[in-house]
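Subject: Handing over a structure, with notes

Dear colleague,

I am passing on the structure below, together with a description of what was found in it. Please look through it first and then read on.

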Amino acid sequence: MAMDQHEIERLIREALPDARVEVRDLAGDGDHYAATVVSEAFRGKTRVAQHKLVYDALKGRMGGELHALALQTVAPDA
């Protein structure tokens, strides 16, 4: 079963309350998304650590309900 775009946004915001989140359905199939996430929690972390925070927020749904998520993560401008 595919994952809803709004559910992805909700889970990320729940884990990263300060985050600005934009999720786009890339193929219109509910399986392939791209997300841009801006959060202070990313400051000073490697790109891999930033992405792990987002994947952890999705609570194990990556690879199951959510087939593909292209991520762009960044800390807010100072």
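A salt bridge is counted here where a side-chain nitrogen of Lys or Arg comes within 4 Å of a carboxyl oxygen of Asp or Glu. By that criterion the side chains of Glu14 and Lys59 are joined in a salt bridge, with 2.7 Å from N to O. Glu14 belongs to helix α1, whereas Lys59 sits in the loop between α2 (47-57) and β3 (68-74), so this pair ties together parts that are 45 residues apart in sequence. Please keep in mind throughout that the model is a predicted one.

Taken along the principal axes, the box filled by the C-alpha atoms is roughly 40 × 20 × 20 Å. Of the 78 residues, 36% count as buried, and the accessible surface comes to about 4,600 Å², with 53% of it belonging to carbon and sulfur atoms. Among the contacts with a separation of 6 or more, 52% are accounted for by residues 24 or more positions apart.

How many salt bridges does the structure hold? The total is 7, and the one between Glu14 and Lys59 is part of a network of salt bridges that links Glu7, Arg10, Glu14 and Lys59.

Arg13 forms a salt bridge with Glu9, the closest N and O atoms being 3.8 Å apart. As with the previous helical pair, Arg13 and Glu9 are 4 residues apart in helix α1, and therefore about one helical turn separates them. Is Glu9 buried or exposed? Glu9 is buried, because its relative accessible area is 14% and the cut-off for buried is under 20%; Arg13, by contrast, is partly exposed, with a relative accessible area of 35%.

Glu9 itself lies in helix α1, which covers residues 5-15. Leaving aside residues up to four places away in sequence, Glu9 touches Val21 and Val23. As for its position relative to another glutamate, Glu9 and Glu65 are 56 residues apart in sequence and 14 Å apart in space, going from C-alpha to C-alpha.

One last point concerns the charges of the protein taken together. There are 10 positive and 13 negative charges, and the mean positions of these two groups are 7 Å apart.

Terms used: Residues are numbered from 1 along each chain as its sequence is written. This is a predicted model: local features need pLDDT of at least 70, side-chain atom pairs count only at pLDDT 80 or more; totals for chains, interfaces and linings use all residues. Side-chain values use heavy atoms; hydrogens and water are left out. Helices (H or I, at least four residues) and strands (E, at least two) are DSSP runs, numbered from the N terminus. Buried means under 20% relative accessible area, exposed over 50%, partly exposed in between (1.4 Å probe, protein chains only). Contact means heavy atoms within 4.5 Å. Accessible areas come from the Shrake-Rupley method with a 1.4 Å probe; for residues, only the protein chains shown count as cover. Lys and Arg count as positive and Asp and Glu as negative; His and the chain ends are not counted. The place of a charge is taken as NZ of Lys, CZ of Arg, CG of Asp or CD of Glu.
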